[in-house]
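Subject: Structure for you to look at

Hello,

Here is the structure I said I would pass on. My notes on what turned up in it follow below.

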Amino acid sequence: MSTKWTIDPSHSEIQFKVKHMVISTITGAFEKFDSEISSESDDFSNAHFSFSAEIDSINTKNIDRDNHLKSADFFDAEHFPRLTFSSEKGIEAGKISGILEICGVQKEVTLDVDFGGVINDPFGMVRAGFEISGRINRKDFGLSWSQLTEAGGLIVGDDIKISANVEFVKQ
C-alpha cells in the first residue's frame, strides 16, 4: 500500500546559486513551491516524487534582478509559470533521477540525496527529511541570455547549483 507524504513549506527551502561576473556567487530561492511523495516504504527506494515551484516567487533579494529572471530573457514566467521535477525511480544509492522541466524543456537530471531519516515529531506527525543537491547547465533548458564583462567573462554563469532542504509529513 502506498503512503502519501506532503512537503512542509515552513520547514523547507529551495535555493539556487549562480556565478555573477565570474567573481562572486548569487543565491536565489523559490518562495512558493509544492511537493509530494508516494512511497511503499520508509526508505523511499520505490517512491514517486513530484515537485513544482512558482517562477513568480523567485527571490534573490534584488527586485530588479528578480524581475529580469522572471522575464523572457530567462524563465519567461508569463508563458512558463512553473518549473517541475518528477521521478518514478525513487532514491537509489544516494541519488534521485527524474525529469526536470524549465521553460517547456524537459531533461533527465540526477541529483544527490542525503536522506535524514524518518521521525515522530512532538505533535504526533511522522516526518521525513532530505537534503537534495546538484548542478544543471541553464542553457540546456533554453536559458541562454548571455552578456560578457569587459574582460570577457560571463555576467551570469552557465552552471546552476541546486540545493533543497525539505521536510515531508506522512499523510
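Eight salt bridges turn up when the whole structure is searched. A salt bridge here is a side-chain nitrogen of Lys or Arg within 4 Å of a carboxyl oxygen of Asp or Glu. In general, side chains of opposite charge can pair when their charged atoms come close. This is a predicted model, in which local features need pLDDT of at least 70 and side-chain atom pairs count only at pLDDT 80 or more, while totals for chains, interfaces and linings use all residues. Residues are numbered from 1 along each chain as its sequence is written, and side-chain values use heavy atoms, with hydrogens and water left out.

One of the salt bridges joins D8 and R127, with 2.8 Å between the closest N and O atoms. The two are 119 residues apart and link distant parts of the chain: D8 is in the loop between β1 (3-7) and β2 (13-20), and R127 is in strand β10 (residues 126-137). Strands (E, at least two residues) are DSSP runs, numbered from the N terminus. Both D8 and R127 are buried, where buried means under 20% relative accessible area, exposed over 50%, and partly exposed in between (1.4 Å probe, protein chains only). A network of salt bridges links D8, D121, R127 and E167.

Another salt bridge is formed by R82 and E54, whose closest N and O atoms are 3.6 Å apart. R82 belongs to strand β7 and E54 to strand β5 (residues 48-54), so this pair ties together parts that are 28 residues apart in sequence. R82 counts as partly exposed because its relative accessibility is 38%. E54 is partly exposed too, at 29% relative accessibility.

E108 and K89 also form a salt bridge, the closest N and O atoms being 2.7 Å apart. This pair again links distant parts of the chain, 19 residues apart, with E108 in strand β9 (residues 105-120) and K89 in the loop between β7 and β8 (95-102). K89 is partly exposed, since its relative accessible area is 43%.

The last item is S87, in strand β7 (residues 82-87). Is S87 buried or exposed? At 1% relative accessibility, S87 counts as buried. Its side chain reaches the backbone oxygen of S97 at 2.6 Å. Apart from neighbours within four places in sequence, S87 is in contact (heavy atoms within 4.5 Å) with A47, H48, F49, I96, S97 and G98.

Regards

Note on methods: Helices (H or I, at least four residues) and strands (E, at least two) are DSSP runs, numbered from the N terminus. A polar contact is a pair of N or O atoms within 3.5 Å; within protein, one must be able to donate a hydrogen and the other to accept it, and residues adjacent in sequence count only if both atoms are side-chain atoms.
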